[in-house]
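Keep the sequence and the 3D view open as you read.

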Amino acid sequence: MYKLEARSVNLYYGEKHALKNISMAIEANTVTAFIGPSGCGKSTFLRCFNRMNDLIDNVKITGDILIDGRNVYKSKIDVDEHRKKIGMVFQKPNPFPKNIYENVAYGLRIKGVNNKAVLDEAVERSLKQAALWEEVKDDLKKSALSLSGGQQQRLCIARAMAVEPSVILMDEPASALDPISTSKIEDLIYELKSKYTIVIVTHNMQQAARISDKTAFFYLGELIEYNQTATMFTNPSKEQTQNYITGRFG
């Protein structure tokens, strides 16, 4: 059984056909990169997995999205509970205006967890997984907004992991960061795949080549090619993919 699967997914914004018959399967404990030009459907497709597109007016989706074999668009699913199982990291760091500890503990508190020992363990575990613990362990009461951009993004990753999701979605998580912070995020993603299934949207070809196991190339709402990253970047089977990777896309 695949961890994530899409079967003939179409998405419409009103009359606009934004995603066109997308089918793909993603294995557990892998990193999958979505690449393609702006507006090609990468982020829209990413948001199908946690049903964030439901929050947009006049959206229609057909086809099936399965996580662990369960169709997440069935009417009986509890969408709020579903989203708690899917971590989400956005393009720009978005820490809450709270201290570091409360940022990480937030999701657990929402779930009704108030035991200090449990929260302490979860905060430390998540910050360690996000490679941030050594930098902040002596000042967890410090405002999250006082951290650097790279630290804030790792804090957001820790916050997503605290509720122990099985999937983490990342929408260009390093695009607003400096090269050193970007490198730390990439190292972190590589390490985290042993525990999580990660899907990342990126415009950075080198980043996709460095960190992902498989890559999917989108263009004008279509999935053009989906293959092992090493194969995609050395021997793409589609001319559109070759042109995009080599910078000749037009």
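## About the model

This is a predicted model, in which local features need pLDDT of at least 70 and side-chain atom pairs count only at pLDDT 80 or more, while totals for chains, interfaces and linings use all residues. Residues are numbered from 1 along each chain as its sequence is written, and side-chain values use heavy atoms, with hydrogens and water left out.

Helices (H or I, at least four residues) and strands (E, at least two) are DSSP runs, numbered from the N terminus.

## Helix 3 and its surroundings

Helix 3 spans residues 100-110. Within helix 3, Ile100, Tyr101, Asn103, Val104, Ala105, Gly107 and Leu108 are buried (buried means under 20% relative accessible area, exposed over 50%, partly exposed in between, with a 1.4 Å probe and protein chains only). These buried residues pack against helix 4 (116-129), helix 5 (133-136) and helix 6.

Valine 163 sits in the loop between helix 6 and strand 7. Leaving out residues up to four places away in sequence, valine 163 touches Lys84, Gly107, Leu108 and Lys111 (contact means heavy atoms within 4.5 Å). Valine 163 and isoleucine 110 are 53 residues apart in sequence, with 9.9 Å between their C-alpha atoms.

Now turn to strand 7 (residues 167-171), where five of five residues are buried. Val167, Leu169 and Asp171 point one way, and Ile168 and Met170 point the other way.

Strand 7 pairs in the parallel sense with strand 6 (residues 86-89) over four bridges, and also with strand 8 (residues 197-201), in the parallel sense over five bridges. Two strands pair if DSSP finds at least two bridges between them. Valine 89 stands opposite methionine 170, while leucine 169 stands opposite valine 199 in strand 8. Together, strand 7, helix 7 (residues 179-192) and strand 8 make a right-handed β-α-β unit; right-handed means that, with the strands pointing away from the viewer, the path from the first strand over the helix to the second runs clockwise.

Another four strands to look at form an open sheet in the order 2-1-4-5, with antiparallel pairing. Its edge strands, strand 2 (16-26) and strand 5 (70-71), each pair on one side only. Strand 1 (residues 4-13) and strand 4 (residues 59-67) are joined by eight bridges in the antiparallel sense. Isoleucine 61 in strand 4 is the bridge partner of leucine 11.

## Threonine 229

Is threonine 229 buried or exposed? It counts as buried because its relative accessibility is 4%. Threonine 229 belongs to helix 9 (residues 229-234). Its side chain makes a polar contact of 2.7 Å with the side chain of serine 212. A polar contact is a pair of N or O atoms within 3.5 Å; within protein, one must be able to donate a hydrogen and the other to accept it, and residues adjacent in sequence count only if both atoms are side-chain atoms. Beyond its neighbours within four places in sequence, threonine 229 is in contact with residues including Ala208, Asp213 and Thr215.
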